[in-house]
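Please look through the structure below before reading on. Then follow the chain with this explanation beside you.

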Amino acid sequence: MQKIRVGIVGFGYWGPNLARNFHEAAASELVAIADVREDRLKRAEALYPGACLEKEYQQLFTLGLDAVVISTPPATHYPLAKECLEHGLHVLVEKPMTLNSKDAQNLIDLAHDRDRILMVGHTFEYNSAVVSLKKYIQSGELGEIYYIDTARLNLGLFQRDSNVLWDLAPHDISILLYLLDQNPISVSAQGMPCVFEGIYDVAYLNLAFPNKIPAFVHVSWLDPCKVRRVTVVGSKKMIVYNDVENEQKLKIYDKGVEAPPYTNGFGEFQCNYRSGDILIPNIRIVEPLRQECQHFLDCITNNCQPCSCGEDGLKVVKILEAAQHSIQNGFTQEVIPW
């Protein structure tokens, strides 16, 4: 089978990981890498001496590529993806897909008109622990879902042209959409610029999903501990996904509380607490990014819609837009326009 010819635009923080996976994938050939910085191109040359190295990404359009992977600052995602689609290339673009919903919709329409694959790098949708977590929710083993809480915290990396809402929250929003298979009705958010004026480095989001399921997202560039955690609390059981753990990423707690029947006074108010075993399921861990890259190649080969398609990217952008409005308007409840 003829290999899919892939080019990478952006070889900074995440680009090297993408390049490695497409270089190692049997179905693809890493043809070219573009970056404006000479030091990054020298690093790429040492790793992939056979690849074409370009400072100007437009040079990639002359190399007979099939697909381009965009791993550049978010403000550049839209113009780069638009130009690549206009040149007839399949596109995998990192999150967030764009910085506004109008641009995201334009990319979706362009990909449809050109019959090209448009995929967004929502990597956690390809994480085997998250996939397993979704199965537990869908099985009913947790009972009625009371709420979901997520936390994504660390010290840094500060960005001058973005804020923590657009940097970290796309991960957890995409996880929530994937787990619940529903769109939130509304969102309220609070953000704080602690270090640099006008740049939110801490944010809290409250999302209201159908069936009265609330979800809470806490993201921070200003925390002493690295936290990557999703907690799902159900009426029967609770489950914690901790991505910082090397192996025991999921833990199922047979814990809960049952409200007493009606009583006449607080003195008779006694809850029944249940504290059972903790189950740690055996999950085969495969690098999520490798799964994501292979899925992109499979979608090109089979001409099928990706799991994290352009429409999914648009949903995340709409939620982020509404959350940004809520922060700017003083923690207002913003209805998300679907």
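This is a predicted model: local features need pLDDT of at least 70, side-chain atom pairs count only at pLDDT 80 or more; totals for chains, interfaces and linings use all residues.

Residues are numbered from 1 along each chain as its sequence is written, and side-chain values use heavy atoms, with hydrogens and water left out.

Start with the sheet. Helices (H or I, at least four residues) and strands (E, at least two) are DSSP runs, numbered from the N terminus. Two strands pair if DSSP finds at least two bridges between them. Strands of a sheet pair through backbone hydrogen bonds, either parallel or antiparallel. Here, 9 strands form an open sheet with mixed pairing, in the order 14-13-12-11-7-10-9-8-15. Its edges are strand 14 and strand 15 (334-335), each of which pairs on one side only.

Now walk along part of that order. Strand 7 and strand 11 run antiparallel and are joined by 9 bridges. Ala-151 has Arg-229 of strand 11 as its bridge partner. Strand 11 also pairs with strand 12, in the antiparallel sense, over 5 bridges. The link from strand 11 to strand 12 is a hairpin through 3 residues. Strand 12 then pairs with strand 13, antiparallel again, over 4 bridges. In this pair, Val-240 has Lys-251 of strand 13 as its partner.

Which strands do the helices cross? Helix 6 lies across strand 7, strand 9 (202-209), strand 10 (213-220) and strand 11. It runs at about 150° to strand 10. Axes are lines fitted to C-alpha atoms, for helices over the stretch in contact, and angles run from 0 to 180 degrees between N-to-C directions. Helix 8 lies across strand 8 (186-192), strand 9 and strand 15, at about 55° to strand 8.

At the N-terminal end, Asn-127 is the cap: a side-chain oxygen of Asn-127 lies 2.8 Å from the backbone nitrogen of Ala-129. After the helix comes Gly-140, with a positive phi near 85°. Several residues of helix 5 are buried, including Val-130, Leu-133 and Ile-137. Buried means under 20% relative accessible area, exposed over 50%, and partly exposed in between (1.4 Å probe, protein chains only). The buried residues of helix 5 pack against elements including strand 7 (145-155), helix 6 (164-180) and strand 11 (222-234). Contact means heavy atoms within 4.5 Å.

Next, the cores. In soluble globular proteins, nonpolar side chains tend to be buried together. A nonpolar core is a set of buried Ala, Val, Leu, Ile, Met, Phe, Trp, Tyr and Cys residues joined through side-chain atoms within 4.5 Å. The largest one has 49 residues, and Leu-133, Leu-205 and Val-232 touch the most other members. Helix 6 supplies the largest share of this core, 12 residues. A second, separate core has 26 residues, among them Val-9, Met-97, Ala-111 and Leu-314.

Move on to helix 1 (residues 15-24). Its buried residues include Pro-16, Leu-18 and Phe-22. Strand 1 (4-9), strand 2 (28-34) and helix 7 are among the elements that cover them.

Finally, the backbone. Most residues other than glycine have a negative phi, and most peptide bonds are trans. Where is the cis bond? A cis peptide bond joins Lys-95 and Pro-96, with omega about -15°. Pro-96 sits in the loop between strand 5 and helix 4 (101-114). Asn-303 is not a glycine, yet its phi is positive, about 50°. This residue lies in the loop between helix 7 (288-302) and helix 8 (310-328). Asn-303 touches Asp-115 and Ile-117, not counting residues up to four places away in sequence. Phe-331 also has a positive phi, near 70°. Its loop runs between helix 8 and strand 15. Is Phe-331 buried or partly exposed? Phe-331 counts as partly exposed because its relative accessibility is 40%.

Definitions and conventions:
A polar contact is a pair of N or O atoms within 3.5 Å; within protein, one must be able to donate a hydrogen and the other to accept it, and residues adjacent in sequence count only if both atoms are side-chain atoms.
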